[in-house]
Structure formats: C-alpha cells, structure tokens
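Visitor: I have the sequence and the model open. Please show me how to read them, one feature at a time.

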Amino acid sequence: MIEITNVHKIFNPGKANQVKAVNGVSLSIKDGEFVVIVGPNGSGKTTLLDIVAGSVFPNPGSVNIDGHDVTKLPDYQRSKWIARVFQNPMSGTASDLSILDNFRLAAIRTQPKGLTIGINEAFKSKVKEKISNLGMGLENKIEQQMGTLSGGQRQALTLLMSVMDSCKVLLLDEPTAALDPRSAEIVMRTADNLIKDYKLTAILITHNLKDAYSYGNRIILMGEGLVVKDLDSKNKADLKQNDLFVWFG
Amino acid sequence: MDFYLSALLQGLCFSALALGIYISMKIFNIPDITTDGSYTLGGVVTAVLLTHHQPAYVILPAVILAGGIAGALTGLIHTKLKINALLAGILVMTALYSVNLTLMGTSNLPLNNVPSLFTLINLSINPNNNAFWILAIFTVVITLLIGYLLKTDFGIAMRATGNSESMIRSLGVNTDRMKITGLALANALTALSGYLISQFQGFTDISMGIGIVIVGLGSVIIAETLINWLRITSVWLSLVLVLGGAVIFQLVLAVTLDIGVNPNLLKIVTAVFVLLIVSLPRLSSLNKT
C-alpha cells in the first residue's frame, strides 16, 4: 500500500540552523497494516508522516501509494487516498463552519467541489446516523459551529469525517496529545474500530506507550531520523509493555 | 430628506464593495487593499466604454473581468511569490493607478451627456425612485448569487480555506487556487461598485478610490458587530447585515454632514467612526470588569 524508499529530509540545508529530520528511511507498509511509530522528540516521526501526506517533500527519496508514484504530488492531490487527523484538533476541522459543513467537505474529499448545493435532507440524516454511532450525543447538534465543541469531540468527528469518502490510508499524528485521558481513550478506540471496519492502512504516531502497546499490528521505533526497531505483528504480539519503556531508557 | 435618500442610494451602490470586502476579509482573512485600485478600475472601464458608445451588455462583463483580473493578480503575487497579502494588494493598487490613468487618458471623465444605466432603464418617473429600484434589484441579484455560491460545495470549501487551511488541503482543495479565485471574485464585486457609482454620480475620477477600502471595511465591521452580538450563523442573514452595514455607513456620513461638520473633516469622521465600532465590544467589556 505505502512504499517509502530511501527518504531523506534536511531543513534549512547549509545554514546554521540546519536540521537533518529524516536520514534515509525505507519502509514497506502492507495493505491493512496498522503501524505505530514511537520515538523521542526530534526523531523525525512527524516529518516522515508529513512526507507520506505530501505536506513535506523528500530530498531525495520516493513515496509510492497504492501503486502510484506520488513523490511530487502535493497534499491536496494525495487526498484521493489519504485522510489525516492532526495533533491539534483545530487543524483537522474548520471552527467557524457548522458540523454539517465540515462533514460535507469530508464527504467529497476525493471529488471536485462544484457549484451545486450538496447538503440536503438525505445527507443530513446520513451524517446524523454516522455521528450517533459515536455515542457522544452530537447528532442533534449538526447545525452548531465546530468551534463550540471540545477538543475530544472534534478529534472524534475528524476521525469519522475521514471515512465519509473512500479512504485507503489514515494518518494519525498524535491525535490524543491535546486531550484528557478519558477523551483520549474514546478517540483511540474510535480510530481502532474505524481502521478495522473499513480495513484501512494506518500510521499512528504517539508518545503514549500504553497506546503503542495496545493498538496496531506493527511497531517502529525511530531515532535520529532513522528506523531503529521494526517489529511485525508476530513480534509485536510477543512484546511486553515494559519492553517499550526499556526502548526509551 | 433628499440628502438621506442619496445616502441610501450611495449605500446601495457600495453594497457590492461591502460584499467583496466581506469575502476577502471575513471569508479568506486577507486584508485586501487592491480594493482602492479595482474600484476605480471599475469606474474607469465603465467611463471609457460608455464614452465609446458600447452597449450595456459589453460594459458589465468587461467591468467584472477587469476587477477579477486585478484581484487574481494580487492573489497570484500573494500565493505564488509568498508575499504578504497586504503588500501584494498595495503593489497591485499602486500599479492600477497608472493603468487607470492610461485607460482614461485624463484624470476626470464626465458621463453626463452619455446614456447610462440610470437613463436607459425607466422603472419610475422620479429619477431618485428610478435609481433606487435599479440599485435595489441589482443588490438583490448580487446578494442572491453570492449567497447561493457560499451554500454550494465550492462555497463551503471557500469558507473553510480562510478558517483551517491544513484541514481543507487534506480534504483535497488547492488553497492557492482558492485564494486567487476568492480575491478575483472580491475585486470583481468591488469593480461593480465603481461601475454603479460612476454612472450614479455622472463621472469617473482617478482619485475616487482613495480610502474606499475603509467604506467596505466599515460596512463589514458594522455587520460583524451585529453578527457577534446577535450570535448569527446563517450565511443569508450575515450577507443581509453586510448590506445593512453599507447603508448605515453612508447614513452616518450623511448625518455628519447634515449637522454641519466641515466636509474636509469627513475622512477623519469616517476613521473615528470605524475605530469606534471596532472598539465598541472591547470598550463595553472593559466597563463590566
């Protein structure tokens, strides 16, 4: 599904503040794999995710998604395959727009945004039905502005929005970092269910080692812009939570 | 009373401008100074084509196109060359001054002796009523078009672009192209106000656009204060309030002149009035604490 080949990224090359964020990473992620990436700050996790999403371009290196070479495609053209949940709940939703408007845009993520009105009664009931599955009681608030909701509610809705249109790859960049423990748990469980139900290929970046242990079927440790450890589903199953703490020791 | 009627008519002429500023300022979050130039450009294109006896069905699209190109240029400079939007607008506005002067060939072009929108269409015998109905219909049509546009999928994407760029890019929208389109639309609307004012006042002047952006900003800020105060989320109501803002703004200026304030002080009155409205929410919250 995702082939990352010999990817490098240096920010501010040749200047005093030069940063080698990613230092030659090659990864092959199979269809339906749920990869968890852990690693200390500055190990290149987010940059690697940005390279997959297309908001950062590798130099050199190539990215292949679902058999297409997307190395030169910007983020808005990769939305055909990729849905994203950001660390900051504000980044994944538009605060001043209603929940309904946000969902409308998500429902046409892979399609052109035309000059017709797409929100009708049928669409409203579809959104209500999807939202009611969250069990947050938000289904009667779809006309409300997104900005009136809490961070946890927004992250959960962002997750739902990602499967409103056909989606193959889900990128989760520390989706629960800004949330309280209870909301974080709801968001992570929602993500896990969606990934299973829709058979998505997913990459999760997290600093929460409990989540890294509980979720996903492959785990990667990054350090200094390189892949340090890479455990497939069998080896991850044998992994104990304490082993993860030792990685960071 | 005529005084207030003409203020109302001017307000209606400025409604397109106010909607344009609403799009650039409120929807895209871009303070667009191109306005001063594209407003005059609208008036200049109107005057030049009218004095060359071009028919109305040529003039109107030409004005829209001219304004659109001006806005698209600002958008291109801002997005492709990554230049601050304010500076991009100032650059295009400055360049437009020469363009306008070259197109007109003179700094002032009278339109009294050529047939205009207001003499070609006769809806009432009274010229003031006639102008009122023409402008009212014009305003209603533009508002309906913009309101519809903002309700479409494209319009929602437009509103999201100014709100959460990372989100809308991840949902497959080219935000650069969206901003260029939005600024083109905003300045096409602004040029339409120039088109209306030139024919309404019977001349086009090279300096008619100086400070006009504040008229649009004032209208939008009046509307925004009301929108926040009344907690309005409806797109339609917001647009109606922007139109109301344009008319209120002109009426306030009319009152100022009516109570005998020196016309030379009109710009300072305008600035203080806008300042007052902007600071009103903050001043009232200061009182409470």
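Visitor: Which unit do β7(A), helix α7 and β8(A) make, and of which hand?

Guide: First, the ground rules. This is a predicted model, in which local features need pLDDT of at least 70 and side-chain atom pairs count only at pLDDT 80 or more, while totals for chains, interfaces and linings use all residues. Residues are numbered from 1 along each chain as its sequence is written, and chains are lettered from A in the order in which they are written, with ligands numbered from 1. Helices (H or I, at least four residues) and strands (E, at least two) are DSSP runs numbered from the N terminus. A crossover is right-handed if, with the strands pointing away from the viewer, the path from the first strand over the helix to the second runs clockwise. Here β7(A), helix α7 (residues 181-197) of chain A and β8(A) form a right-handed β-α-β unit.

Visitor: How many bridges join β7(A) to strand β8 of chain A?

Guide: Two strands pair if DSSP finds at least two bridges between them. Between β7(A) and β8 (residues 201-205) of chain A there are 5 bridges, and the strands run parallel. In that pairing D173(A) stands opposite I205(A). Strand β6 (residues 82-85) of chain A is also parallel to β7(A), joined by 4 bridges, with I82(A) partnered by V169(A).

Visitor: Which way do the residues of β7(A) point?

Guide: In a regular strand the side chains alternate between the two faces of the sheet. In β7(A), V169(A), L171(A) and D173(A) point one way, L170(A) and L172(A) the other, and all are buried. Buried means that 20 or more other C-beta atoms, placed from the backbone, lie within 10 Å of the residue's own. Thus strand β7 (residues 169-173) of chain A has 5 of its 5 residues buried.

Visitor: In what order do the 4 strands of the open sheet in chain A stand?

Guide: The order is β2-β1-β4-β5 (chain A), with antiparallel pairing. β2 (19-29) and β5 (68-69) of chain A are at the edges with a single partner strand each, so one side of each is left without a neighbour in the sheet. Inside this sheet, 4 bridges link β1 (residues 2-11) to β4 (residues 62-65) of chain A, and I4(A) is opposite V63(A).

Visitor: How many residues does each chain give to the contact?

Guide: Two residues are in contact if their C-beta atoms, placed from the backbone, lie within 7 Å. Chain B gives 20 residues and chain A gives 28. On the chain B side, α8 (153-163) and α9 (165-170) each give two or more residues, and α8(B) has the largest share, 7 residues.

Definitions and conventions:
A residue is buried if 20 or more other C-beta atoms lie within 10 Å of its own, exposed if 12 or fewer, and partly exposed in between; C-beta atoms are placed from the backbone.
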